Amino acid sequence: MSKKLYDIISKVFSIQISEINDESSPETIESWDSFNGLILVDELENSFNIKFSISEIIDVKNVKDIKRHLKNHGVDLND
Amino acid sequence: MERKLSEYISLSQTIDVSKSSKKIKVGILSSFTINGLSETLTVKCSELDIQCKTYVAGYNQYNQEILDSKSKLYSFSPDITFLIIDIRTLLNKIFHHPYSISSSERKKIVNEKISELGNLILQFKKNCSSKLIISNFSLPSYSPGGLIETKSEFGFHDMINEINQGLSKIIKDESSVYVYNFNQFVSKFGEKNIFDYRQFFIGDIKIAFDYIPYLANDLMGYVKPMLGLNKKCIVLDLDNTLWGGIVGEDEFDGIELGQSSNGKAFVEFQKHLLSLWQQGIILAINSKNNFEDAIKVIKEHPDMILREEHFASLQINWNDKAQNLKAISEELNIGLGSIVYFDDDPVNQERIKQEIPEVLTVELPKDPSQYTDILMSLNDFNVLQKTDEDLKRGKMYSQQRQRSELEQSAKSIDDFLKQLNIKVKIKKADKFTIPRISQLTLKTNQFNLTTKRYQEEDINKFSSDNNMIVGCAQIEDKFGDSGITNAFIIEKNDKEWKIDTFLLSCRVIGRGIEDAIISYILKEAKNQGVEKIRADFIPTKKNNPAESFLPNYGFKKENEYWVYDLKDSIKTPSHLLLEVE
């Protein structure tokens, strides 16, 4: 589940996929700083062909939030 | 294709540059968040075997870093520093409200901003020997003045243009400061792409992530010539590279050049190659063809832009292309690392990449309409300064080829030298010749008696010293002007002169020119009542072409020096004409 999303997160933050879960956040992932956060946005937008609004971007506190916003943009994470 | 910023960032964590032979320290100062530039530069450097260390100043700290002589930037002691200030930061409130003030107030602000920038440059130079690359300011597409903007009295856009011109004026005579044309960068990729409002609002990012790698690519254009990695020569295939089709099969009238859409693409490509040649880039051909077929097109095809006179070497034969490339490098006496190779055939591209990795082999696609764009996006031809000789280099090399053709057809070496009609013009050191004299002392390795290296300031000092003579010689012959290719520096005493420096560029060796110039110096000395000339030969790994010059001319060894007694007769070669300015 959510393989594509986890691949992107793992690449951007240079961590193992097994380290990622819904609760992963800037507190649990050391490399998740504001700059890498924006790189993640850029990667997600390009991969899923969507565009987040500013409020969506600053609202993200953990991976669960990312999934919620992706779903709102019609991205199916169950493939 | 340029890679994404995220890719550079992950690559930057894995590179190993501990074995790199070349090193560079880069300072990055900017008025906004420019994360990722340092990582991208580091990766791009590592791919050229350069160890790149960077110092990125804190957010918007450029003023403090430059003005404080004890700043971290200065203790890092960079070799090259990029200073990128954006127009919003520079103009502050006026950026949004330029028309809240009068045109004379706008003018006053612009002058203040120019002198602020001038002061930053001055302070930087005082504190640091690094090269400084300062970006100019992008002209926003929007103006609150709307349509009337272009009619405004010293309007918003005029302000920015004036600042850019002021900046260029300040650095024009600064040998270590350059303006990076950021405005041109933005117009190339588009303001709407470069400036992303979301990234700006969230992180004060003024160059969107996707474009940081392209910016880094432009900045690498400065790094390469600093480390001597700039390219000097373009080697070209012919069929489907300079024209469409295969001349051996399609014949003279069947190739695509000029008329058709494809034909126009080749003409455009050739025009850009010619413009590089006019800037001193050497062109050469490496092609598998019957020589007669190919040379007929080059000489006679009405739509050919590049002609025989533009090529320094014509390797048109059925030999292996790697072997031909090596032959070109030897013939022109330039390193394989200075060559860029264009060939449409992917098999040939691969072959050269494998066999001669030092050569930059361009990945030319099948579609000729892309050729020009690919040529123009290469950042490998930059030099940090240019003398007249550099601009003429392309021409000089092809004249050299014509000379060797004459040499091969002449009956004897004397016959060849006579036919060349060589003219040697002796010139004094002045503001026109001093940069070249310094360049010659810095670059000449082969025919150089003492290999002493002098900066422009040194030559300046010597030339105003009454006890010294600094001169040079410009060489011309029936094929053209080789420019200033000799320099000499002499220390004068009443009874004896000492030759401090005597050198000759390798492209004019072996034509009696060195003998003509030394005979001029000897006669001058004799006229001024000097008895002896003393000269020194300091051997290096490369200067053995100059080793036998002194004894062959008639200098006698006295202890460790070579001495010419001016009571002896002075011989002057008769095949050339000597002029003194």
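In which sense do strand 3 and strand 4 of chain B pair, and over how many bridges? Please set the pairing in the context of its sheet, and then go on to the rest of the assembly.

Tutor: The model is a predicted one. Strand 3 (residues 80-84) and strand 4 (residues 131-135) of chain B pair in the parallel sense, and the pairing extends over four bridges. Within this pairing, Phe82(B) stands opposite Ile133(B) of strand 4 of chain B. The two strands belong to an open sheet of five strands in chain B, with the order 2-1-3-4-5 and parallel pairing. Its edges are formed by strand 2 (50-56) and strand 5 (177-180) of chain B, each of which pairs on one side only. From one strand to the next, the twist averages 20°.

Chain B also contains an open sheet with the strand order 8-7-6-9-10, likewise built of five strands in parallel pairing. Here strand 8 (311-317) and strand 10 (360-361) of chain B are at the edges; each has a single partner strand, so one side of each lacks a neighbour in the sheet. Strand 6 (residues 233-236) and strand 9 (residues 339-342) of chain B run parallel and are joined by four bridges. Among the residues involved, Leu236(B) has Phe342(B) in strand 9 of chain B as its bridge partner. Helix 14 (residues 261-278) of chain B packs on this sheet and touches strand 6, strand 7 (282-288) and strand 9 of chain B; the direction of helix 14 makes about 150° with that of strand 6 of chain B. Helix 20 (residues 393-409) of chain B also packs on the sheet, touching strand 7 and strand 8 of chain B, and its direction makes about 55° with that of strand 8 of chain B.

The remaining topic is the contact between the chains. Chain A contributes 13 residues and chain B contributes 14 residues. Together the two chains bury about 1,300 Å², of which 64% is on carbon and sulfur atoms. On the chain A side, Phe35(A), Leu38(A) and Ile54(A) lose the most area to chain B, together accounting for 43% of what that side buries. Three salt bridges are counted between chain A and chain B. One of them links Lys4(B) with Glu43(A), whose closest N and O atoms are 3.8 Å apart. Helix 2 (34-48) and helix 3 (54-59) of chain A each supply at least two residues of the side that touches chain B. The largest share, seven residues, comes from helix 2 of chain A.

How values were computed:
Residues are numbered from 1 along each chain as its sequence is written. Chains are lettered from A and ligands numbered from 1 in the order in which they are written. This is a predicted model: local features need pLDDT of at least 70, side-chain atom pairs count only at pLDDT 80 or more; totals for chains, interfaces and linings use all residues. Side-chain values use heavy atoms; hydrogens and water are left out. Two strands pair if DSSP finds at least two bridges between them. Axes are lines fitted to C-alpha atoms, for helices over the stretch in contact, and angles run from 0 to 180 degrees between N-to-C directions. Contact means heavy atoms within 4.5 Å. Buried area is the accessible area (1.4 Å probe) that two parts lose on being put together, summed over both. A salt bridge is a side-chain nitrogen of Lys or Arg within 4 Å of a carboxyl oxygen of Asp or Glu.
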